[in-house]
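Student: I would like to go through this structure by question and answer. Please keep to what the coordinates give.

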Amino acid sequence: MTAAETAPHPQRDTYNVYGMPGLIDTPSALMAPDGELITTYSDFAGATRASLSFQIAPRLIGTFRYSSIDQFLSGGATTYDRSFDLRYQLLTEGRIRPAVAIGLQDFIGTSVYSGEYLVATKHLSPRLAVSGGIGWGRFASAGGFTNPLVSISEYFRHRPGGRRGSGGQIETQKFFRGDAALFGGLSYAVNDQLTLKMEYSSDAYDIAATTLNLFERKSPLNFGVDYKWGNSIHLQAHYLHGSEIGFTANLLTNPKRPANNGGAGSAPLPVKPRQNGIEAAQSWPPLVDSSQPMATQLTTLLATEGIELKAFDINGTRATVKIANKRYGARSEAIGRTMRALTHVLPHSVEHLTVIPIENGIPISKVTLARSDLEELEFAPNGITASFDRAVFDDAAQDRLTYDDTLSGLNWSIKPYVQGSYFDPENPVRFDFGIALAAQYEILPGLFVSGKVQQKLFGNRDESTRSDPSTLPRVRSDSNIYAREALTIPNLSLTYNFRPGTNLYGRVSVGYLESMFGGVSTELLWKPVRSPLALGVEINHVKQRDFDQKFGFRDYEVTMGHASLYYDFAQGYSAKIDAGRYLAGDWGGTVTLSRRFNNGWEVGAYATLTDVSFSDFGEGSFDKGIRVTVPLEHLIGKPSASTRDVLIQPILRDGGAHLSVKDRLHPIVRDYHANEMQGSWGRFWR
Amino acid sequence: MKPIKSICALPLLILLTGCSNDAVDKAHFQTFKGLASKLKKSQPGITAEQIKERLTPEVRAQFGGAPLLVATVEDPRFSSVLFGAGENNGTITYFTPDRVSLSFQDGILVATRGLGFDLMNADVAETRNALRGGAGTAQRRHRTLGGDNSVEARTYDCQISRDAQSRVIEACSGADDTFQNTYVVDGKGQIVFSRQWISKQRGYIRIERP
């Protein structure tokens, strides 16, 4: 490849009103940088669109969009619409060859924006890009001509109208059918901040322009200006269809960007080698009082690292410690810091260092490295790879140390919380703010009593009076009634985590498991330390809690649960398949596809299909959603094991509903296993 | 060093934090702190000169006779004392009282920790040789961690020469970056002052023996 082919193109960076790389209304064949998350807010002629786009893989980008269109419904009410897009880049741009992409717009939702396109983009210079394409559906609503695909089959001549059932299904019966039209445009990057755009749009805005008279479509030409502010914000203004001004803002982030401040946090202890260099006439100050027992010295050193020593044992040339990592999202960093601390206290005769991380009272894995390897590799150029290659990962189910495990005792926290409800047509975004007191006490190793009390301070989630009819037991659709209570106990339960055998992990939880259900939840997970595959079974018997979320129950109860298969593909892509029975007693399965970055960012999407018919499910037809997990340490630039989850669930209905029990085993277990730790092993030495 | 911009990239609500009893979190670096009681934190604004003035024999004694350095990161500018805390096979690691560490081989920076945008390790064998001779060419290899914890390795080709003030200049260029390190070497071949490059985002650090 020549330099010109790999040079970054300025236009790579500009997005259309749908939140996809493109011009204004129209798409381009370009992709965002791999991993990019683009939040877009766009407003024009009574149509507001909020989109979240994710560059799933270098050549695949997807979007979830929530839009409102004024006066769309009969009687002048505003309609709210959810839609999903996908675009795949068939050809990357070459010296002569343009980039070519195929796209589906609004292919699952209620199809207000539905259309398909094939588009090519070529940079005539690094600043000037030209795009042209052919579109169907919405992209052929102006200037349409007979579909050229008719030469293949008459099937393509007419596009069926309407939509299937209650929306939310993949509208394959429409793809590439009906009239087609051409669209295209130019973008010119004046400098690194400013990009000018012009396009010919084949979108007639039929409903908005003709039926609703929200604006007058005088011209197919649109003009736009995009101002890039810093690395993360684009502000755009558009002059559309010869009559309207529109605005778009894009907020960009990428899990691959450096952590805030490059990820600081205090430096680790250096390895203390057993023999100093020949010139080591220098006396190094001892870092810890060596007159104390070894376990005490180690406890002191590890405490400064945010690591709690749970057990310690020396057997001949082998030292083993159990630790609880309280600070490092990168689990390898906790292992690396523990091993370096060990070199400061152990007698010279000890050569094999084993660290067993404990989470929720159970040993998760066992990592062993030779002390001489630590001494050799601390500053070795190949030290990161070599130390992973020489580390031995084992199962830790059977380890009994001579020192008793210390219990983690009482942990408590008082934190503010935010709870949101989304996508209610009366008010698409509602929030509650409040304060939550959480506490956990370890009674025996692995046996915890934990609970949470929550007091709402202010918010408007209680204002929802929506009551959708449901033919199913109302397991989730009464969530707005639950939201009316200010002082609640979201959970109060007794949990026992244990290791029934090699590669096996178990959990039993009893009590008020989540804000709407209480009962018994049991789980068994099989996950070898070096395996990308895990299998699990979860069986629960739960009863619906009273709306006040204190101690009472309602009448509905159900036995439900799933068999689950988890698989980690290469490069952070993973799949999870659940099959079983859901809260409303419906049987079915959930497929979850995720991409997890080595710093803990995760973007995933799931869909659940059950034996509830699409019409019984109601609006949306089946349960689906997007989850984004953000590691706090990436934002604050200091080590932290905390993460924040954002779940976007377009429609909360009763079909395909999971129990929301905490401390499920797989996410806890996989983090300390070889596959997960390999990706972040650079942190072993930080 | 622009926290606001990164934080802006996400809804602020996910940043909510609170308080807890987590004893481990609260444990400070007592051992190091005790050692450095007189020179607590590197206060913002304190200059390398001011630090050197405060390094009286009594203060030096508090560090148990460990070798000391004074270092200044150029942007954003801050200075701190560092004390030698250990040596592993020819690499000496120094710590600041607030626990940033710098590691050197023959006075050449090979690793930093706790600064952010840290240098994970550097292969400087050829630079060490060329520096002993005072001139020549050398290839370096630096490793850093990307935002997703991936290991990023970069190779630099360097020219080592003496300038008019007989300082040793190491001019390096790689695929993405160029930098120029400066070393002042005394009669015994020891580096007494240097200005060395850490990483693209962290820039240069000046190191001197007080």
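Predicted model: local features only at pLDDT ≥ 70, side-chain atom pairs only at ≥ 80, totals over all residues.

Student: How many helices and strands does chain A have, and what share of its residues is buried?
Tutor: The secondary structure of chain A comprises 11 helices and 31 strands. The chain has 686 residues. The buried share of these is 58%.

Student: Of the contacts in chain A between residues at least 6 apart in sequence, what share joins residues at least 24 apart?
Tutor: A contact here means heavy atoms within 4.5 Å. Counting pairs at least 6 apart in chain A, those at least 24 apart make up 57%.

Student: In chain A, 12 strands close into a barrel; is their pairing parallel or antiparallel?
Tutor: Strands of a sheet pair through backbone hydrogen bonds, in one of two senses. The order in chain A runs β1-β2-β3-β4-β5-β6-β7-β8-β9-β10-β11-β12. Neighbouring strands of this sheet are turned by 20° against each other on average, with direction ignored. The pairing in the barrel is antiparallel.

Student: Which residue is the bridge partner of A:Gly185 in β9(A)?
Tutor: Strand β8 of chain A covers residues 180–189, and strand β9 of chain A covers residues 194–200. The two pair in the antiparallel sense over six bridges. The partner of A:Gly185 in β9(A) is A:Glu199.

Student: What is the handedness of the disulfide between B:Cys158 and B:Cys172?
Tutor: Over all chains, the structure holds one disulfide. The sulfur atoms of B:Cys158 and B:Cys172 are 2.2 Å apart, and a disulfide requires them to be within 2.5 Å. The torsion about this S-S bond of B:Cys158 and B:Cys172 is about 110°, so the disulfide is right-handed.

Student: Which element of chain B packs against the buried residues of α6(A)?
Tutor: Helix α6 of chain A spans residues 383–390, and its buried residues include A:Ile384 and A:Phe388. The buried residues of α6(A) pack against β17, α5, β18 and α11 of chain A. From chain B, the packing element is β9.

Student: Is A:Asn260 buried or exposed?
Tutor: A:Asn260 lies in the loop between β12 and α3 of chain A. A polar atom of its side chain is 3.0 Å from the backbone oxygen of A:Leu635. The relative accessibility of A:Asn260 is 8%, and buried means under 20%, so A:Asn260 is buried.

Student: How far apart are the C-alpha atoms of B:Thr127 and B:Thr137?
Tutor: B:Thr127 sits in helix α6 of chain B and is buried, at a relative accessible area of 0%. Beyond its neighbours within four places in sequence, B:Thr127 contacts several residues, among them B:Ala138 and B:Tyr183. B:Thr137 is 10 residues from B:Thr127 along the chain, with a C-alpha separation of 7.7 Å.

Student: What is the omega of the cis peptide bond between B:Asp75 and B:Pro76?
Tutor: Most peptide bonds are trans. B:Pro76 lies in the loop between β2 and β3 of chain B. The bond from B:Asp75 to B:Pro76 is cis, with omega about 0°.

Student: What is the phi of A:Gln571?
Tutor: Most residues other than glycine have a negative phi. A:Gln571 is in the loop between β26 and β27 of chain A, and is exposed, with a relative accessible area of 69%. Its phi is positive, at about 60°.

Terms used:
Residues numbered from 1 in each chain as written. Chains lettered and ligands numbered in written order. Heavy atoms only, no water. Helix = DSSP H or I, 4+ residues; strand = E, 2+ residues; numbered from the N terminus. Buried < 20%, exposed > 50% of the residue type's maximum accessible area, 1.4 Å probe, protein only. Polar contact = N/O pair within 3.5 Å; in protein donor to acceptor, adjacent residues only side chain to side chain. Pairing = 2+ DSSP bridges. Axes fitted to C-alpha atoms, helices over the stretch in contact; angles between N-to-C directions.
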